[in-house]
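The following exercises are to be worked through with the sequence and the three-dimensional structure at hand. Each task is followed by a solution in steps.

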Amino acid sequence: MTSHGFYSKSQASCIGVALLFCTSLVIPSFAELERLEHPAKGDGSLSFLVVGDWGRRGFYNQSHVAFQMGKIGEKLDIDFVVSTGDNFYDNGLTGLNDQAFEESFTKIYTATSLQKQWYSVLGNHDYRGDVEAQVHPALRKVDSRWLCLRSFILNAEIAGFFFVDTTPFVNDYFTDIDHTYDWRGVAPRKAYLDSLIKDLESALSESTARWKIVVGHHAIKSAGYHGDTKELNDLLLPLLKAYNVDMYVNGHDHCLEHISSLDSPIQYLTSGAGSKAWRGDLNQHYKEDDLRFFYDGQGFMSVQLTKNDAEITFYNAFGKILHEWKALKELHSAV
């Protein structure tokens, strides 16, 4: 157990953590999903922050958001931080020695309360750089908080987190002539996606976690600029509904957003406002599901869980509460 309360049981206990991550990176595309563990608090509760689309060396209010995250993180005594991707703009990392890692992460999120494990997925902008560098365990030697993998599972006792690499699902990136993407580890794409979907379904079906939370970069449902992601609606959403997932958490749209499914318990939660925002692209006619909240500016989200209760809160760059939602697990309804 590290100082961040981080465990892994995917390999025999005699294999070190460093070897464990190196092994997972040798054949990341088709290996079984990495399974990690993070302990809940002594009373069984769990609290964490969610931020996405942030890595801009402190600009576009990234530093303001980070400061407020530190304050809320201390108040809630958070257990960890979830990043929903697009971790480094505009084009990911150039390699293991790219100074953007420290300038956009280590030197920005400096509050004591944020010195916890960060669990991160990749976004489409990250795929424009050196993906192998961003998921490489060597970055943990630079900043031990950092943990970014393509897809993985996190068992946090009362909650099971299923982190999904959503960028390879999106057809447009494979025909984009204006940008170059690092598809190493993804090709052949169909086999990669088939394997990921199969492993995700297996993990969801086996999970006994009280709360099931799926994290990806792209939105399944969104009233923002990018809108719904068709490929995720076709390939991912059926699994979420079949296995009673409680929350789908994403970034991509540079906003804060809460949509409630009308035909399932799923809460669609967008936290992609870690830096550049204010696009002014709310779809005023969005009616597919219940749009409870939309904010076009910078900010972040907190989640607090107990065995029977969930509390979701959205904050702006000044720490002001913009939206709160509470639910009872048994009832799957807001109170």
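**Exercise 1. Aromatic pairs**

The structure holds 28 aromatic pairs, a pair being two rings of Phe, Tyr or Trp (its six-membered ring) whose centres lie within 6.5 Å; planes under 30 degrees apart count as stacked, over 60 as edge-to-face and the rest as tilted. The model is a predicted one, in which local features need pLDDT of at least 70 and side-chain atom pairs count only at pLDDT 80 or more, whereas totals for chains, interfaces and linings use all residues. Residues are numbered from 1 along each chain as its sequence is written, and side-chain values use heavy atoms, with hydrogens and water left out.

Task: Classify the pair F105 and Y109, then the pair Y181 and W183, and state whether these residues are buried or exposed.

Solution. 
- Step 1. A pair of aromatic rings is described by the distance of the centres and the angle of the planes.
- Step 2. For F105 and Y109 the centres are 6.1 Å apart and the planes stand at 50 degrees, so this pair is tilted.
- Step 3. F105 and Y109 are both buried, where buried means under 20% relative accessible area, exposed over 50%, and partly exposed in between (1.4 Å probe, protein chains only).
- Step 4. Y181 and W183 are stacked, with 5.5 Å from centre to centre and 15 degrees between the planes; Y181 and W183 are likewise buried.
- Step 5. F105 and Y109 also belong to a cluster linked by ring pairs, together with W54, F88, F101, W118 and W146.

**Exercise 2. Charges over rings**

Task: Which ring faces do R56 and R189 lie over?

Solution. 
- Step 1. The criterion is that NZ of Lys or CZ of Arg is within 6 Å of the ring centre and within 35 degrees of the ring normal.
- Step 2. R56 lies over the face of Y89, 3.6 Å from the ring centre.
- Step 3. R189 lies over the face of F174, 4.2 Å from the ring centre.

**Exercise 3. A first annotated site**

Task: Locate D86, N124, H217 and H252, which UniProt gives as "binding site" (unreviewed entry).

Solution. 
- Step 1. The UniProt positions are given in the numbering used here, feature names are shortened, and annotations may be inferred rather than shown by experiment.
- Step 2. The four residues span 167 residues in sequence, yet no two of their C-alpha atoms are more than 8.3 Å apart, so they gather at one spot.
- Step 3. D86, N124 and H252 are among the lining residues of the largest pocket. On a 1 Å grid over the protein atoms alone, a pocket is an open set of points where a 1.4 Å probe fits, with protein on both sides within 12 Å along at least five of seven lines, and lining residues have an atom within 4 Å of a point.
- Step 4. H217 lies in the loop between β9 (211-216) and α7 (230-235); helices (H or I, at least four residues) and strands (E, at least two) are DSSP runs, numbered from the N terminus. With 0% relative accessibility, H217 counts as buried.
- Step 5. H252, in the loop between β10 (247-250) and β11 (256-260), is buried at 7% relative accessibility. A polar contact of 3.2 Å joins its side chain to that of N124.

**Exercise 4. A second annotated site**

Solution. 
- Step 1. D86 lies in the loop between β4 (80-83) and α3 (100-106) and is buried, with a relative accessible area of 1%. Its side chain makes a polar contact of 3.2 Å with that of Y89.
- Step 2. H254 is in the loop between β10 and β11 and is buried, with a relative accessible area of 13%. The side chains of H254 and D53 are joined by a polar contact of 3.3 Å.

Methods
Polar contact = N/O pair within 3.5 Å; in protein donor to acceptor, adjacent residues only side chain to side chain.
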